[in-house]
Protein chains: 4
Amino acid sequence: MVDPQVFLNMGREVLAQQAFSQLLGAELSALAPGRAELQLALREQLKQQNGFAHGGVISYLADNALTYAGGTAMQVPVVTSEFKINYLRPGLGERLIARAEAVHVSKTQAVCRCEVYAVADGAEKLCALAQGTIVKLG
Amino acid sequence: MVDPQVFLNMGREVLAQQAFSQLLGAELSALAPGRAELQLALREQLKQQNGFAHGGVISYLADNALTYAGGTAMQVPVVTSEFKINYLRPGLGERLIARAEAVHVSKTQAVCRCEVYAVADGAEKLCALAQGTIVKLG
Amino acid sequence: MVDPQVFLNMGREVLAQQAFSQLLGAELSALAPGRAELQLALREQLKQQNGFAHGGVISYLADNALTYAGGTAMQVPVVTSEFKINYLRPGLGERLIARAEAVHVSKTQAVCRCEVYAVADGAEKLCALAQGTIVKLG
Amino acid sequence: MVDPQVFLNMGREVLAQQAFSQLLGAELSALAPGRAELQLALREQLKQQNGFAHGGVISYLADNALTYAGGTAMQVPVVTSEFKINYLRPGLGERLIARAEAVHVSKTQAVCRCEVYAVADGAEKLCALAQGTIVKLG
């Protein structure tokens, strides 16, 4: 079994190689086989015309958290095959947190769920719900 | 009826107000009631560790194109309620193009479809397929 | 507050009025605001050519459980607006059980999740995962 | 190349083996590689309490049409991995028709789209839109 901190560090190295994740400022705050937590400080650049997080930022975070959950569950190189997201509330506040979990894992795919929370004044509010399929790379 | 160029310019003003769309470099290349085309030059910053467009970039483009298609179909302020996306091919090339269309429109919502293409050496290849619901704001 | 048994009985009356649910033999085994459990004995008529539950039976059960969860959360007449389902395992065994829950509820919609289990020799196995939007009727 | 009528007949044999499709009365009205059309007469038994087609009937038809489109595109035994459906209008009338098409096909999967129409007094009205993934069996 891999040491939890080593596992998290490995995940962070992958994130550091994703130029887009760096552009957005995503941080991997927790990682275990089949579970991942990604965070993002809500800078002005990540917003849309109404002052809340652009939907694309929320879906990026959900997509990436789903991939981490599925990839660590399967322990092979993976890609996101598909996902679905419901936006529930405007992403308002200082920070977004996505928590994803692999619900069913086979040799070829993991089906995962994700909740995205917006954190305002320290309180988390659920702002999106996602479900998707992560598959073994090619 | 609004002049097509005026309509497109109005859409571009909305895009110019989305800080996140500016960060990514999205351009609105066509707009008509119920139809939208968004493009993005694939800079290094929009890629992931394998050298192709990050899934979050593709889903951003799909989400935003769906919203434009739904919003121009309904002609009221809207938000994306939910969408689903299937990634079909790696987003490789110089550019991404998303084309969305409102398939069914009611007073309260528009259900829209979107195709995202990657353009390499001038040839378009379909790289994602999305379907979602755009709803009247609040 | 409504008595739990009265609440369940009201839900069963609705189910009794759905000719299709009667054709399939669905039973409402639990109901509370925002939560529902539907069951189905897996008769031969509900199967496909490989001997397991037809996907349409599983999606029927998920769809209906989502609607009950959303409808009891909102306490107004509702319809399913959209849903997504991932099939995880063949539906093999004597019985299917769908458990749904409203995760986020507003005045106009409820976003719900559902798990569908196949019961073989008394053991439950997760066979599908769904997420959908239930909206206020008309 | 297979004769079109022979191809359609092969598809009808598969449908005849699906007990659930027989229970519902589904008919395969057109079939070609990557394309399928399924129909259903709207008997009372397929309705819900409001007098229109139960959502489960519409999703059954979409799911099955997606599977035929994907299976004939891939020409191997397949199952539906996942799909998403948006209900657009009540399914009112004499008949439902689902038309599905494989949009992208690889060795392991086909991503397909489907439209479901309700036919009343001979006029077709779009009542649902679906998108899903069909995968090679086992």
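1. A patch, as the word is used here, consists of residues with over 30% relative accessible area and no salt bridge, and nonpolar side chains are joined into one patch within 5 Å. The model under discussion is predicted. In this model, A:V2, A:V6 and A:M10 make up a nonpolar surface patch, and their accessible area together is about 240 Å².

2. The class of partly exposed residues lies between the limits of 20% for buried and 50% for exposed.

3. As regards annotation, UniProt lists residues 50-118 of chain A under "domain: Thioesterase", in an unreviewed entry. The span is 45% strand and 29% helix, and the C-alpha atoms at its ends are 16 Å apart.

4. An open sheet of 12 strands involves chains A and B, with antiparallel pairing. Its order is β1(A)-β2(A)-β4(A)-β5(A)-β6(A)-β3(A)-β3(B)-β6(B)-β5(B)-β4(B)-β2(B)-β1(B). The edges are held by β1 (26-32) of chain A and β1 (26-32) of chain B; each has a single partner strand, so one side of each has no neighbour in the sheet. On average, neighbouring strands of this sheet are turned by 20° against each other, direction ignored.

5. Where do the strands of chain A meet those of chain B in the sheet order? The order places β3(A) beside β3(B). These two strands, residues 78-87 of chain A and residues 78-87 of chain B, pair in the antiparallel sense over 5 bridges. Within this pairing, A:N86 is found opposite B:E82 of β3(B). In general, the strands of a sheet pair through backbone hydrogen bonds.

6. In chain B, the loop between β5 (109-120) and β6 (123-136) contains B:G122. This glycine, B:G122, counts as exposed because its relative accessible area is 63%. Although B:G122 and B:G93 are 29 residues apart along the chain, 8.9 Å separates their C-alpha atoms.

7. One of the paired positions is D:L31, whose bridge partner in β2(D) is D:A36.

Notes
Residues numbered from 1 in each chain as written. Chains lettered and ligands numbered in written order. Predicted model: local features only at pLDDT ≥ 70, side-chain atom pairs only at ≥ 80, totals over all residues. Heavy atoms only, no water. UniProt positions renumbered as here; feature names shortened; annotations may be inferred. Helix = DSSP H or I, 4+ residues; strand = E, 2+ residues; numbered from the N terminus. Patch = residues over 30% accessible without salt bridge, like charges linked within 9 Å, V, L, I, M, F, W, Y side chains within 5 Å. Areas by Shrake-Rupley, 256 points an atom, 1.4 Å probe, with all protein chains shown as cover. Salt bridge = Lys/Arg side-chain N within 4 Å of Asp/Glu carboxyl O. Pairing = 2+ DSSP bridges. Axes fitted to C-alpha atoms, helices over the stretch in contact; angles between N-to-C directions. Buried < 20%, exposed > 50% of the residue type's maximum accessible area, 1.4 Å probe, protein only.
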